[in-house]
Amino acid sequence: MLSEMSDEESQSPSIDDDDDDDDDDDDIEAGSDILQDEKEKVNERLSAHTSKAETDPHSSDLDKEKLEQMRKVVYCGKPPVEKDSRSKSALPQPKSSNSIIKAKKEADSRAVSMRSAKKKAKKVTKAYHQVKSLSDDNADASVSQTWSDDQKSLECPPAFDDDDFEESTEPSTPRVSIAKSLRINFVRKMRGNPKRSAIVTAAVLGLAVLLVTVAVVFLQRRSKSANMSSIASMEYVPGKLVVSENHLVLSQGLSSKIIATAGMPVQYPSTGLASHSTFQSETNLGETFHTSSGGWIFVSNADEQGNIGALTFDNDGMAIEYTILSTGTNNSRGCGKTPWDAWISCEDSTNGRCYQVDPTGQRDTSMITVGEETDGGHVNSFAYWTLLKSGPHFFVTADGENDSLQRFIPDQVDWSNPWNMLLGPGTTMYLLLKPHDRTFDWTFNADEAQVNAEEYFPGPTSVDQYENCLYFVSKRFKRMFVLDLLEGTYSEQSTDGQYDQLVRIKEVNASDNFYYSQNADNAFQITARNAQGPYSIVGASEGGDEATGLAFSPNGKHMYFALHRAGVLYDITRNDGLGFQIRPPHITYESAGSN
């Protein structure tokens, strides 16, 4: 039985401990060898003694309890497992007490050596665990592990926890990472030192506050940078052509959109509907008029088509209706407006005449008296001056070879029914400039006026009025003349190119701005001029067309113009939401053509 136990022990696996160094491995191996030798010798002695007890009749007085205790000493308090089915009480009892004493002494010596070996192999003595685990299932668990006070030296080595030696059936736990190990050690240290824990907690909170502060500052600066970029994109800088969109080059701070295209219905953004009539082709000069609902109407001529169209906007500048007011005119290019908000359409053709048109379409279109005495037609533009209510003045220009600037004063003035004021007779006179003293006069002699115009301002076009001054342009001389209608004096200045249409806007707390389109070399520009000189507002990103129909909404926030051949109508607005008549202090102007 004991030999079988020894054989089973020898087959048990050795324990491998990665944490021990080379010296511990040597001690374990030496201890295991000594333990194995001791077990074999004790087994041999006990086997021999048991055999003698079975054959010697004089050994019947062998103390069963002493034999059992000796066996416990050898196996550390747990008898060996019996391979047969016999119980411990059925084992043959030794007969000789002398044999027991002798075996006991030998066991004392062997136990001392065994204890020494087990101390050297204390962590992984698998052999000891095997001997310890081979107990008899039927043995009394309450048997004492010691004999008496004088036999304490034969006690078994201190037992280890079963968990230290028990072979686990669970999968091996992965080795803890260095970071986790450091974190565990840190937590243990903090728990053991409240003062240090408080210091570290305060430091962590301080670091968290610092990180949050840095993040907030970063986000604020980023937001400020975005806001500055947004502000920079909104700042209106006339003359700094940097924005490219819709085949245009715009000054910084401007945006554009196409609101109508020739041959296509006009879209109504606020309702999602569209006009029944298609937008006219070859749009030319235009003007805007107030409506009773707070919006306005943009009226414009069409050259060869002979139409006069009206595009109505609400007070937000959204198109809501497009209609054709009149048809059948011949090459209607020039235009103007009356003090009672009628549209004057001028035919730039042989025997051309001027027509009064109601922008709302409530009255029929009528031919007016003004401009009927031009030499060969080609009437271009219309303006008025009403300082003297008893004698309002109306002006037209014609750019024929022998034409001049005309002034018409109606014979009958009825402000209660002004519509008929231009339909009846009146007095027509012509402009005479006197360059020697920078004065001007009016004459009834058309021939004298034609000679004067040919010499000093040939091809008068584009006329406008503000307060007591009348502005007009000499197309061939490329100069703008300013007539002081009260003083009878005039001044002139270069237009830096060819004017096609002239629109004056009075800036708030600033000088006048004259906007005009320049068309030359198959390219165009919308240019403005004030006391500082000309500066470009809008330019063409590609050539081949000319700008016409320049006009502003009554609130000054929308600039309208069309590309003549493409038939596209544009709406230009400022990104800051202000009108073109407003010039904030931070706005600077750049000269025309600068980028």
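Biologist: Why is Gln465 counted as buried?

Modeller: This is a predicted model, in which local features need pLDDT of at least 70 and side-chain atom pairs count only at pLDDT 80 or more, while totals for chains, interfaces and linings use all residues. Residues are numbered from 1 along each chain as its sequence is written, and side-chain values use heavy atoms, with hydrogens and water left out. Buried means under 20% relative accessible area, exposed over 50%, and partly exposed in between, with a 1.4 Å probe and protein chains only. Gln465 has 17% relative accessibility, so Gln465 is buried.

Biologist: Where is Gln465 found, and what lies 2.4 Å from a polar atom of its side chain?

Modeller: Gln465 belongs to strand 19 (residues 460-466). Strands (E, at least two residues) and helices (H or I, at least four) are DSSP runs, numbered from the N terminus. The atom 2.4 Å from the polar side-chain atom of Gln465 is the backbone oxygen of Glu467.

Biologist: Why is strand 2 said to be largely enclosed by the rest of the structure?

Modeller: Five of the five residues of strand 2 (residues 248-252) are buried, so the description holds.

Biologist: How do you know that strand 1 and strand 2 pair?

Modeller: Two strands pair if DSSP finds at least two bridges between them. Strand 1 (residues 237-245) and strand 2 run antiparallel and are joined by five bridges. Leu241 is opposite Ser251 of strand 2. The two strands form a hairpin with two residues between them, and Asn246 in the turn has a positive phi of about 55°.

Biologist: What makes a group of residues a nonpolar core?

Modeller: The members must be buried Ala, Val, Leu, Ile, Met, Phe, Trp, Tyr or Cys residues, joined through side-chain atoms within 4.5 Å. The largest such core has 22 residues, of which Tyr515, Ile537, Met559, Phe561 and Ile572 touch the most other members. Among the strands that each supply at least two residues of this core are strand 2, strand 26 (533-540) and strand 28 (559-563). A second, separate core of 18 residues includes Leu405, Val463, Leu470 and Phe481.

Biologist: Which residues is Ile537 in contact with, leaving aside its neighbours within four places in sequence?

Modeller: Contact means heavy atoms within 4.5 Å. The contacts of Ile537 include Leu241, Val249, Leu250, Ser251, Tyr515 and Met559.

Biologist: Why is one side of strand 9 left without a neighbour in the sheet?

Modeller: Four strands make an open, antiparallel sheet in the order 6-7-8-9. Strand 6 (283-290) and strand 9 stand at the edges with a single partner strand each, so one side of each has no neighbour in the sheet. Within that sheet, six bridges join strand 7 (residues 296-302) to strand 8 (residues 308-313), and Ser300 is opposite Gly309.

Biologist: Which residue of strand 9 has its C-alpha atom 7.8 Å from that of Asp358?

Modeller: Leu325, in strand 9 (residues 319-326), is 33 residues from Asp358 along the chain, with 7.8 Å between the C-alpha atoms. Contacts of Leu325 beyond four places in sequence include Val299, Ile308, Val357 and Asp358.

Biologist: What is the confidence of the predictor in this protein?

Modeller: pLDDT gives that confidence for each residue, from 0 to 100. The protein averages a pLDDT of 74, and 60% of the residues score at least 70. Over residues 134-173 the pLDDT is below 50, although the model has 54 contacts there beyond near neighbours in sequence. Where pLDDT is low, the predicted coordinates should not be read in detail.

Key. Polar contact = N/O pair within 3.5 Å; in protein donor to acceptor, adjacent residues only side chain to side chain.
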